[in-house]
Amino acid sequence: MKYSIPRGTFDILPNTSYKWTYLMDSFRSFASSFGYREISTPIFEVSGLFERSSGESSDVVQKEMYRFTDRKNREFALRPEGTAPVVRSYVENHLDVLASRTKLFYLGPMFRYDRPQAGRYRQFYQYGIEFIGSDNPYYDAEVIAVLMLWLGSLGLKNLRLELNSVGCPNCSAEYDKALQDYFKPLLPQLCPDCNKRFSLKPRRLLDCKVPSCKALRGGAPLQKDYLDQPCKEHFDQVCGQLTAMQIPFTLNPSIVRGLDYYTNTAFEVIYDGLGAQNSLAGGGRYNGLIEQIGGKSMPAIGFAGGFERLLLALEAEGIELTAEPKPLMYLICLGEQARTGVANYLNALRSKGIYVDYDPDKNSLKAQFKAADASGASYAIIVGESEIAAGTLNLKNLASGEQISLPLDDGTALLGLLGID
RNA sequence: GUGGGUGUAGUUCAAUGGCAGAGCACCGGAUUGUGGUUCCGGGCGUUGUGGGUUCGACUCCCAUCACCCACCCCA
């Protein structure tokens with residue numbers, strides 16, 4: 001019986017896994033220097049956590065969650081996003097008592113039952129940070145800065161940061177009403193999806209892609225005209241902070257985050273040229289979420305980004321962050337006696353962190369040299385019967401062809417020569 | 001969930017209803033003690049799967065599965 005991988009998932013094979021490792025390490029160290037510390041939560045949680053936080057009506061909850069019950073009929077879901085679990089952990093472990101400001105980052109797989117597409121998978125990997133504990137607009141800018149500066153540090157150029165404020169529960173309700181007033185007479189001309197959006201999430205009317213719908217929203221009321229005074233001030237200050245940090249952004253009034261918990265600042269990083277799924281990362285403020293999940297009221301802001309799309313973007317710009325690891329040396333043996341005599345030496349080098357390639361099934365000198373070249377090794381170590389007898393080895397520089405003789409010791413002679421200790 | 005496209009060797013692709021092939025990769029060899037180039041040799045693969053039409057199907061039809069792309073949604 002042959003098995004195949006579940007739809008919408010992928011294996012990270014050795015020929016690309018090193019890129020993933022590099023990116024993850026890079027994110028870890030970048031976030032760390034801004035004071036964020038790693039948190040890891042389970043891959044599944046009680047379903048109610050996501051229903052309450054993301055919103056019962058959100059697509060993620062309605063049709064994209066992988067749900068299951070365990071033997072005692074408890075209802076769980078594979079996590080579709082990272083913020084709710086982090087906040088759950090924050091509340092459950094009383095991190096708010098330990099410090100008034102909490103800076104967290106996370107990495108890991110998320111799960112959504114979507115139709116797979118370019119840049120969209122059913123199991124996908126996200127990186128993200130969450131800042132909890134202050135409504136200071138500086139932190140909005142800091143969170144965005146971590147994201148933009150990190151992406152910039154990888155060498156990406158064609159990025160666009162789009163910014164909006166979705167207001168607080170008070171003023172956003174008023175805005176929704178204004179939108180409905182505007183669109184109500186236009187309903188017969190709008191697409192069926194927009195007709196659903198009208199009552200469910202009026203804001204979604206603003207980012208429909210149907211041309212006829214696009215044409216009708218020219219005179220729609222703008223969010224910024226409906227922000228109340230505190231929300232407006234907050235947003236202005238966020239913009240000011242970003243400008244001071246020299247992080248370019250564009251205002252986009254139609255940015256609507258898909259999950260219900262967002263308040264005030266909402267942003268998205270767009271990378272054109274990835275196909276339809278052009279959102280590299282997104283996030284925003286969620287001042288009401290912590291209380292909603294059972295903690296005490298705490299302002300917070302965060303973002304999440306997708307590794308798959310990031311890798312696509314890097315590839316699109318031809319950016320090679322790191323090369324596939326290659327062996328430093330290739331061990332060539334002639335004869336059984338040499339193989340036996342060199343086994344311990346091979347282990348000694350490898351134990352000291354030297355990547356040495358070796359294949360005991362290849363016999364001819366020619367085949368072993370071919371393998372050494374193919375492996376990309378810089379040096380060949382050549383040992384035959386006469387070397388064993390003399391207690392020496394030959395070290396050959398594969399690029400220059402230069403060859404010298406060294407003692408077959410515990411590796412110190414070789415490592416010393418190469419300046420590795 | 002809806003629509004369009006595509007499934008042939010490890011891979012990239014040929015084969016117009018009439019014998020399933022090539023490049024690359026891989027393995028072996030050209031006096032098992034000095035490589036990369038070159039040369040020679042090495043492929044019966046359920047043509048994604050299951051049905052159907054036909055004397056005959058990789059080719060046409062139906063179904064199904066998978067992948068790609070788009071809608072939707074979002075990372």
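1. A residue counts as buried when its relative accessible area is under 20%, as exposed when it is over 50%, and as partly exposed in between. The model discussed here is predicted. By that scale Phe76, with a relative accessible area of 12%, is buried, whereas Phe44, at 40%, is partly exposed.

2. Chain A is split into three parts: domain 1 takes residues 14-165 + 244-316, domain 2 takes 169-227 and domain 3 takes 329-418. Between the C-alpha centres of domain 2 and domain 3 there are 71 Å.

3. Aromatic pairs number 22 in the structure. In one of them, Phe44 and Phe76 have ring centres 5.3 Å apart and planes at 80°, so the pair is edge-to-face.

4. Tyr182 and Phe183 make another edge-to-face aromatic pair, 4.9 Å centre to centre with 85° between the planes. Tyr182 is partly exposed, at a relative accessible area of 22%. Phe183 is buried, at 1% relative accessibility.

5. Ring pairs also build a cluster, which joins Phe10, Trp20, Phe27, Phe105, Tyr121, Tyr125, Tyr127, Trp150, Phe303 and Phe307. Elsewhere a charged side chain meets a ring: Arg122 lies over the face of Tyr113, 4.0 Å from the ring centre.

6. The largest nonpolar core has 46 residues, and the members touching the most others are Tyr127, Trp150, Leu151, Phe307 and Leu310. Helix α6 (residues 137-153) gives the most to this core, with 10 residues. Tyr127, Trp150 and Phe307 are also among the members of the aromatic cluster.

7. Which residues does Leu310 touch, not counting those up to four places away in sequence? They are Leu23, Tyr127, Trp150, Leu151, Leu154, Leu156 and Leu280. A second core is separate, with 28 residues that include Tyr90, Met110, Ile132 and Ile290.

8. Gly353 sits in the loop between α13 (336-351) and β13 (356-358). Is Gly353 buried or exposed? At 63% relative accessibility, Gly353 counts as exposed. Its C-alpha is 9.8 Å from that of Ile420, although Gly353 and Ile420 are 67 residues apart in sequence.

Notes: Residues are numbered from 1 along each chain as its sequence is written. Chains are lettered from A and ligands numbered from 1 in the order in which they are written. This is a predicted model: local features need pLDDT of at least 70, side-chain atom pairs count only at pLDDT 80 or more; totals for chains, interfaces and linings use all residues. Side-chain values use heavy atoms; hydrogens and water are left out. Domain bounds come from an automatic or database domain assignment. Rings of Phe, Tyr and Trp (its six-membered ring) pair if their centres lie within 6.5 Å; planes under 30 degrees apart count as stacked, over 60 as edge-to-face and the rest as tilted. Buried means under 20% relative accessible area, exposed over 50%, partly exposed in between (1.4 Å probe, protein chains only). A charge sits over a ring if NZ of Lys or CZ of Arg is within 6 Å of the ring centre and within 35 degrees of the ring normal. Helices (H or I, at least four residues) and strands (E, at least two) are DSSP runs, numbered from the N terminus. A nonpolar core is a set of buried Ala, Val, Leu, Ile, Met, Phe, Trp, Tyr and Cys residues joined through side-chain atoms within 4.5 Å. Contact means heavy atoms within 4.5 Å.
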